[in-house]
Amino acid sequence: MPAALADIAAVLVFVAAGRRSHDVGGDVVIGTLEVAAPFLLALGLGWLAARAWRHPYELGTGAVVWVVTVVVGMLLRRTIFDRGAAASFVLVATLVTGALLIGWRAVAGRFSRR
């Protein structure tokens, strides 16, 4: 459960930072959830694909969760949620979500070995 919450937080941090850097107006909470929705759905699919509940802190698990979150999230964003997916956004989303979803696992693994 803590790992799932960390992944959800990672996606929300990514979205909130993006909204803030682009100075997006409107309701912060609703706006963040609207933008995050395709990625949160994809995150759930990533957890299923990786069977992340088995080994949620392993980097390999994080890698599968990350790839599914980005690929499926972008597809959902483009098709179901009718939002753009410019190449620059895809690149930034890929790098930032990778750093967040794999990064917290790397930090957790580093501290758990001591």
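Helix axes here are lines fitted to C-alpha atoms over the stretch in contact, and angles run from 0 to 180 degrees between N-to-C directions. Helices are DSSP runs (H or I, at least four residues), numbered from the N terminus, and strands are runs of E of at least two residues. This is a predicted model, in which local features need pLDDT of at least 70, side-chain atom pairs count only at pLDDT 80 or more, and totals for chains, interfaces and linings use all residues. Residues are numbered from 1 along each chain as its sequence is written, and side-chain values use heavy atoms, without hydrogens and water.

Start with the whole chain. It has four helices and zero strands. Along the sequence the pattern reads α-α-α-α. The radius of gyration, taken over C-alpha atoms, is 14 Å.

Of the 114 residues, 32% are buried. Buried means under 20% relative accessible area, exposed means over 50%, and partly exposed lies in between (1.4 Å probe, protein chains only). A contact means heavy atoms within 4.5 Å. Among contacts with a separation of 6 or more, 67% join residues 24 or more positions apart.

Now the helix pairs. Two packed helices are described by the angle between their axes and the distance between the axes. Take α1 (residues 2-21) and α4 (residues 87-112): their axes come within 10 Å and cross at roughly 150°. That makes α1 roughly antiparallel to α4. The cut-offs are under 35 degrees for roughly parallel, over 145 for roughly antiparallel and 65 to 115 for roughly perpendicular, with the rest oblique. The crossing of α1 with α4 is right-handed. A crossing is right-handed if the near helix is turned clockwise from the far one by less than a right angle, and left-handed if anticlockwise. On the α1 side the contact includes A3, A6 and F14, and on the α4 side it includes F89, L100 and W104. By class, this contact has eleven nonpolar, one polar and two charged residues. Here Ala, Val, Leu, Ile, Met, Phe, Trp, Tyr, Cys and Pro count as nonpolar, Asp, Glu, Lys and Arg as charged, and the others, Gly among them, as polar.

Move on to α2 and α3. Their axes come within 7 Å and cross at roughly 140°. The two helices are therefore oblique to each other. This crossing, too, is right-handed. Among the residues in contact are P38, F39 and W47 of α2, and V64, V68 and M74 of α3. The contact has 16 nonpolar, four polar and one charged residues.

T32 is buried, with a relative accessible area of 11%. Leaving aside neighbours within four places in sequence, T32 touches L12, V15, A16, R19 and D27.

Finish in the loops. Most residues other than glycine have a negative phi. R51 is not a glycine, yet its phi is positive, at about 50°. R51 sits in the loop between α2 (28-50) and α3 (59-79). Its relative accessibility is 43%, so R51 counts as partly exposed. D82 also has a positive phi of about 50° without being a glycine. Its place is the loop between α3 and α4. D82 is exposed, at 68% relative accessible area.

Note on methods
Rg over C-alpha atoms; globule rule 2.2 N^0.38 Å.
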